[in-house]
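Work through the following exercises with the sequence and the 3D structure side by side. Try each task on your own before you read its solution.

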Amino acid sequence: MHVSLILGFALFTLAMASSAMNPAKAVSAAELRGRTYAQTNCARCHSIDRHSPSPLAIAPPFRTLHTKYPLDTLAEALAEGIDTGHPTMPMFTLEPDQINDLMSFLKSLE
């Protein structure tokens, strides 16, 4: 029994050390909902990840939006209805909960 206790403790210590070296970033529920919204409504034209180009060349990747627009301004535009951007972008207006979720996701890409 003594050997199994030592072995168990050693495995536990190894697992804890491994997770400390590579901690997973906690993802909020709002960020997940925002990503789902972006995947459903935006990914046809915009890149919504950290690396790939946008499917539509004139549509900016979401990871660069914070360098072009203050995100607070973008949140306001989402509430009022974005009808500009690029010529083929449809007009849409988000509900407050959707804005919060999408903004959480956009901030995760910064």
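**Exercise 1.** Find which residues of helix H4 are buried, and where they lie around the axis.

*Solution.* Begin with helix H4, which spans residues 71-80 (helices are DSSP runs of H or I with at least four residues, strands are runs of E with at least two, and both are numbered from the N terminus). In this helix Leu-71, Leu-74, Ala-75 and Leu-78 are buried, where buried means under 20% relative accessible area, exposed over 50%, and partly exposed in between, with a 1.4 Å probe and protein chains only. These four cover an arc of only 105° around the axis, which puts them on the same side of H4; the arc is taken from the directions from the helix axis to the C-beta atoms. An α-helix has 3.6 residues a turn, so residues three or four places apart point the same way. Next, look at the other side of H4, where Asp-72 and Glu-80 are exposed. Finally, the cover over the buried residues of H4 includes helix H3 (65-68) and helix H5 (96-108), contact being heavy atoms within 4.5 Å.

The model is predicted, so local features need pLDDT of at least 70 and side-chain atom pairs count only at pLDDT 80 or more, while totals for chains, interfaces and linings use all residues. Residues are numbered from 1 along each chain as its sequence is written, and side-chain values use heavy atoms, with hydrogens and water left out.

**Exercise 2.** Determine how H2 and H5 pack, and which kinds of residues make up their contact.

*Solution.* First take the geometry: H2 and H5 pack at an angle of about 95°, with their axes 7 Å apart. That makes H2 roughly perpendicular to H5, a label given to angles of 65 to 115 degrees. Then list the partners: residues of H2 including Arg-33, Tyr-37 and Ala-38 meet residues of H5 including Asp-101, Leu-102 and Phe-105. Sorted by type, the residues of this contact divide into five nonpolar, five polar and four charged.

**Exercise 3.** Locate Leu-94 and decide whether Leu-94 is buried or exposed.

*Solution.* Leu-94 lies in the loop between H4 and H5, and with a relative accessible area of 4% Leu-94 is buried. Leaving aside neighbours within four places in sequence, Leu-94 is in contact with Tyr-37, Leu-78, Ala-79, Ile-99 and Leu-102.

Note on methods. Axes are lines fitted to C-alpha atoms, for helices over the stretch in contact, and angles run from 0 to 180 degrees between N-to-C directions. Angles under 35 degrees count as roughly parallel, over 145 as roughly antiparallel, 65 to 115 as roughly perpendicular and the rest as oblique. Ala, Val, Leu, Ile, Met, Phe, Trp, Tyr, Cys and Pro count as nonpolar, Asp, Glu, Lys and Arg as charged, and the others, Gly among them, as polar.
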